[in-house]
Amino acid sequence: EMFGGRTFCVVSLVFVAICPVVCSGFAVPVLRGGMLHRGASSMWKEGKSGKGAALGRLSSTGLVLRTSAERMEGGGVELSKEEKHDKYRQLFKELMMKAQKLPPGSASKRTYMAKARNAKAMADALAYNKEKGLKESRSKKALETVSVARATPEMIPELTQIVNWAYRGEGGWTTESDILTGRRTTEQELTEIVARCSSTADEAFFAAIVDGKPVGCVRVVKESDCEAEIGMFAVQPDMQSQGVGRQLVDRAEEEARSMGATMAVMRVLTPRTDILEWYKRRGYDSTGIREELFESDLWEVVGGGSLFFEKIQRKL
């Protein structure tokens, strides 16, 4: 018993000595060759508060950003913002590829989709920071130079990108990326919309243009003798909060009147209380009608379940 007790004490001391070293090795999140080490743990790292605060982190993937040191942990390798952006974009692609191979609705698929969304959010945040100077340079002249015209086929690729960026990216306040993944629209859908608008007076699709390039869009469809729906409303994130959206809605409501409608209606996802408040300030009121979001191959509800639109209206 004495010999066994001594052996137990020696082993215990050795374990206590090496445990912090071993554990710290597993606690350091690393990313090598785009593949995550299974031992990486989820850790919070924060920079200084204020403007220098950390952009955030990708939970449970091992990538941590700290603006105070501008480092991505992984063997102490220094990375520029562009390199970090590329890393997150690559990680997003790898996670999406893995998610696509898993059964729809499975817990594993949802986990990979959640991690992919986080990776894309970080990439978008880094990309948007690079565009901050462009936003500041345009902010004062946007209202003076913006024009609204009917969308043309040549604008479709850019408008498709703007709509998806506005609703699925992380650069603007209109994003729905926390409740929906995937795409908001496609070039094919916008092509069909533009084609219909050229052959009917009951549908119109407009683009906001600044410096000769589209920066936003809105669609109007006459639904009944008295109602016209306004939708596909999007503004490029670096042009938001500068009056571009207001001019687009003004033009859409004007078109709704010319179609003979006396009421403009919109459908807004119920979790988007900020958007609903924005429309409320424009004079829109709830109709009390809620409609379930239809299923589509383009998007997937975060966490599964159902989402609903709230139908709002404004007398023209």
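This briefing describes the nonpolar cores, strand pairing, salt bridges and aromatic pairs of one predicted model.

Because the model is predicted, local features need pLDDT of at least 70 and side-chain atom pairs count only at pLDDT 80 or more, whereas totals for chains, interfaces and linings use all residues. Residues are numbered from 1 along each chain as its sequence is written, and side-chain values use heavy atoms, with hydrogens and water left out. Helices (H or I, at least four residues) and strands (E, at least two) are DSSP runs, numbered from the N terminus.

**Nonpolar cores**

- A nonpolar core is a set of buried Ala, Val, Leu, Ile, Met, Phe, Trp, Tyr and Cys residues joined through side-chain atoms within 4.5 Å, where buried means under 20% relative accessible area, exposed means over 50%, and partly exposed lies in between (1.4 Å probe, protein chains only).
- The largest nonpolar core holds 47 residues, and the members that touch the most other members are Leu159, Phe205, Phe233, Val244, Tyr279 and Tyr284.
- At least two residues of this core come from each of helix H6 (156-168), helix H7 (187-197), strand E8 (203-210), strand E9 (213-222), strand E10 (227-235), helix H8 (244-258), strand E11 (263-269) and helix H9 (273-281), and E8 gives the most, with seven residues.
- Leaving aside residues up to four places away in sequence, Tyr279 touches Phe233, Met266, Val268, Tyr284 and Ile312, contact being heavy atoms within 4.5 Å.
- A second, separate core has nine residues, including Ile179, Leu269, Leu298 and Phe309.

**Strand E11 and its partners**

- Strand E11 is mostly covered, with six of its seven residues buried.
- E10 and E11 pair in the parallel sense over three bridges, two strands being counted as paired if DSSP finds at least two bridges between them; in this pairing Glu229 stands opposite Val265 in E11.
- E10, H8 and E11 make a right-handed β-α-β unit, right-handed meaning that, with the strands pointing away from the viewer, the path from the first strand over the helix to the second runs clockwise.
- E11 also pairs with strand E14 (residues 308-315), here in the antiparallel sense and over seven bridges, and Met263 stands opposite Lys315 in E14.

**Salt bridges**

- A salt bridge is a side-chain nitrogen of Lys or Arg within 4 Å of a carboxyl oxygen of Asp or Glu, and by this rule the count comes to 13 salt bridges.
- Arg282 and Asp250 meet through their side chains in a salt bridge (2.8 Å, N to O), which links the loop between H9 and strand E12 (285-292), where Arg282 lies, to helix H8, where Asp250 lies, 32 residues apart.
- Arg282 counts as buried at 14% relative accessibility, while Asp250 counts as partly exposed at 36%.
- Glu253 also forms a salt bridge with Arg282, the closest N and O atoms being 3.2 Å apart; because Glu253 lies in helix H8 and Arg282 in the loop between H9 and E12, the pair ties together parts that are 29 residues apart in sequence.
- Glu253 is buried, with a relative accessible area of 3%.
- Arg267 in strand E11 and Glu291 in strand E12 are 24 residues apart, and their side chains meet in a salt bridge (2.7 Å, N to O).
- Arg267 is partly exposed at a relative accessible area of 22%, and Glu291 is partly exposed at 29%.

**Aromatic pairs**

- A search of the whole structure finds four aromatic pairs, with rings of Phe, Tyr and Trp (its six-membered ring) taken to pair if their centres lie within 6.5 Å; planes under 30 degrees apart count as stacked, over 60 as edge-to-face and the rest as tilted.
- The rings of Phe233 and Trp278 have centres 6.1 Å apart and planes at 35°, so this pair is tilted; Phe233 lies in strand E10 and Trp278 in helix H9, 45 residues apart.
- The rings of Trp278 and Tyr279 have centres 5.2 Å apart and planes at 75°, so this pair is edge-to-face.
- Phe233 is buried, with a relative accessible area of 13%, and Tyr279 counts as buried at 6% relative accessibility.
- Ring pairs link Phe233, Trp278, Tyr279 and Tyr284 into a cluster.
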